[in-house]
Amino acid sequence: MKSRMSEIVVIYEPGCKYPEFPYSPSESYQELKDLEIQDSPNLVYASVRKLFIDLNLDQDKIGTEDWNPFSELVKPGQKVVIKPNYVRAKHPLGDKGTESMITHSSIIRPIIDYLLLATQKDVKITIADVPLQSSDWDLIIQKSRIKDLIEFYRNNGVEIDLLDLRREISYQNSEGVIVSRDIKDRDPLGYSAVDLKNRSKLMSIIDNYNRFEITDYGSGTVPKHHNPDKNEYLIPNTILSADLFVCVPKLKTHRKAGITCAMKNLVGINGDKSWLAHHRRGMVGNGGDEYKKFHLLTWLKWHFFAFLKKSRPGITMATLLKKIWKYLFWKGKSKEEFELVASQKTTVSTTNFSEGSWYGNDTIWRCVHDLNHIIYYANKNGELKKSKQRKYIAIVDGVIGGEREGPMEHTPKESGVILGGFNPVAVDYAAAQIMGFDWKKIPQIREAVLADSLNIIDVSENELKAAYSSYEKINLRFIPSKGWLNNIEKEEIEK
């Protein structure tokens, strides 16, 4: 396939709705003449198909019955991994919130159909993710209806694997306190520790490696994997086995990263969350980036609870304190319900951030870059090479996205957008702008475009601007997370 690293396509259909199961096309396509047509409308299928056309896949045969868009990306006998965003299935707004939080299976349906067309059904397709540690996998695959979709294909003679690739699953009590952890290999192919060493983007801040942290793990956990001697991630071998990696993220805001789209979706290829550096403990100026200014109540709320959760008696005390806190401060609501309600009242940025949930987080984007580097350059044995090891395409589900306190307590945003491309940086460049954000204020995008720190962008800023010029009038005006409010929006809003 020729180089198309600057290509970006945005399909904007205001009012677009997710179709009815099994998400079959609502019109006949000559290249897919054997597919059953459903009576109810399916604008999603048509939009994904148009995305492939506008990306000029199999360009010479577009409009003919021989058109085969994925023939350039996958060959018979190869392996394909489809990576959706299956972070969690529970949302304070119920099913409507869940629908806006995880990748909808109607986006995946046309992807599978065209993969089968390209390979004459001789292909190993795996749909896989590493959800939040405490997420209920069975609930995710039920709510997303991906389990039903796989059963649909099985009834039509096509086997597709569906894998929860978490090495650790944590279990919480009624107050959201982790009481136990189940650690075992869930990838049938096992895992590989992929060490970027000094190629990691964490190296420029490695002097403060002892401050690397991630929520729900004690101090010192992350530095075991990220320090001056190594920078490693635990990658499921199913991911590494892919000849084609299909990234299918949601379009949402994110407390720590600004937005979550194609690049951030790759946090879900790391099999163990404790191998991720989400922030650096402490205040800016003291080697940390957890918060800008020290806020005693916030510090006590997060760090005292973290201390308690290290022991069995402490877990009991933390549970009791959470019950009291819920009664006194959250008016009986769960943390997620309270934060969703509170986010609707946020009009100005505050300073009592914690866990790196603000625009000054200078850590998480580095891990995001590392993981994107791995998906391009790590071979099937987890060894980093100089040449790209697999093909890549991103197709973003922005039909209903999420704004405010994303990625899990966000407010649904009916957007009517599906976008995609062959490079995660280019896709995120476009995603940020149609959300109404300044891409130069989002570190994971800015550092990739201006510094070429991923070694995968292969194009200039001017080329990206030219590729995006057809969509520059689309501004969906997403409201950012409160930690990014008034620090990420475009300075000039198009009318």
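This is a predicted model: local features need pLDDT of at least 70, side-chain atom pairs count only at pLDDT 80 or more; totals for chains, interfaces and linings use all residues.

Visitor: Into how many nonpolar, polar and charged residues does the lining of the second largest pocket divide?
Guide: A pocket is an open set of points on a 1 Å grid over the protein atoms alone, with protein on both sides within 12 Å along at least five of seven lines; a 1.4 Å probe fits at the points, and lining residues have an atom within 4 Å of one. The second largest pocket is lined by 19 residues, with Asp 34, Leu 35, Asp 113, Leu 116 and Lys 121 nearest its centre. These 19 residues divide into eight nonpolar, two polar and nine charged.

Visitor: Which element gives the largest share of the lining of the second largest pocket?
Guide: Helices (H or I, at least four residues) and strands (E, at least two) are DSSP runs, numbered from the N terminus. The largest share, four residues, comes from α3.

Visitor: How many bridges join β15 to strand β16?
Guide: Two strands pair if DSSP finds at least two bridges between them. Strand β15 (residues 391-405) runs parallel to β11 (residues 244-248), with four bridges and Val 246 opposite Ile 393, and it pairs in the parallel sense with β12 (residues 250-254) over two bridges, where Lys 250 stands opposite Asp 397. β15 and β16 form a hairpin with three residues between them, and Ile 395 stands opposite Gly 420. Strand β16 (residues 409-421) runs antiparallel to β15, and the number of bridges joining them is eleven.

Visitor: How many of the residues of strand β15 are buried?
Guide: Buried means under 20% relative accessible area, exposed over 50%, and partly exposed in between (1.4 Å probe, protein chains only). Strand β15 is mostly covered, the buried share being 14 of its 15 residues.

Visitor: How far apart are the closest N and O atoms of Lys 83 and Asp 129?
Guide: A salt bridge is a side-chain nitrogen of Lys or Arg within 4 Å of a carboxyl oxygen of Asp or Glu, and the count comes to 32. Lys 83 and Asp 129 form one of them. The pair links strand β2 (residues 79-84) to strand β3 (residues 124-129), 46 residues apart, and both residues are buried. The closest N and O atoms are separated by 2.9 Å.

Visitor: Why does Arg 181 count as partly exposed?
Guide: Arg 181 meets Glu 168 in a salt bridge (2.6 Å, N to O). The pair links strand β6 to strand β5, 13 residues apart. Glu 168 is buried because its relative accessible area is 6%. Arg 181 is partly exposed because its relative accessible area is 35%.

Notes: Residues are numbered from 1 along each chain as its sequence is written. Side-chain values use heavy atoms; hydrogens and water are left out. Ala, Val, Leu, Ile, Met, Phe, Trp, Tyr, Cys and Pro count as nonpolar, Asp, Glu, Lys and Arg as charged, and the others, Gly among them, as polar.
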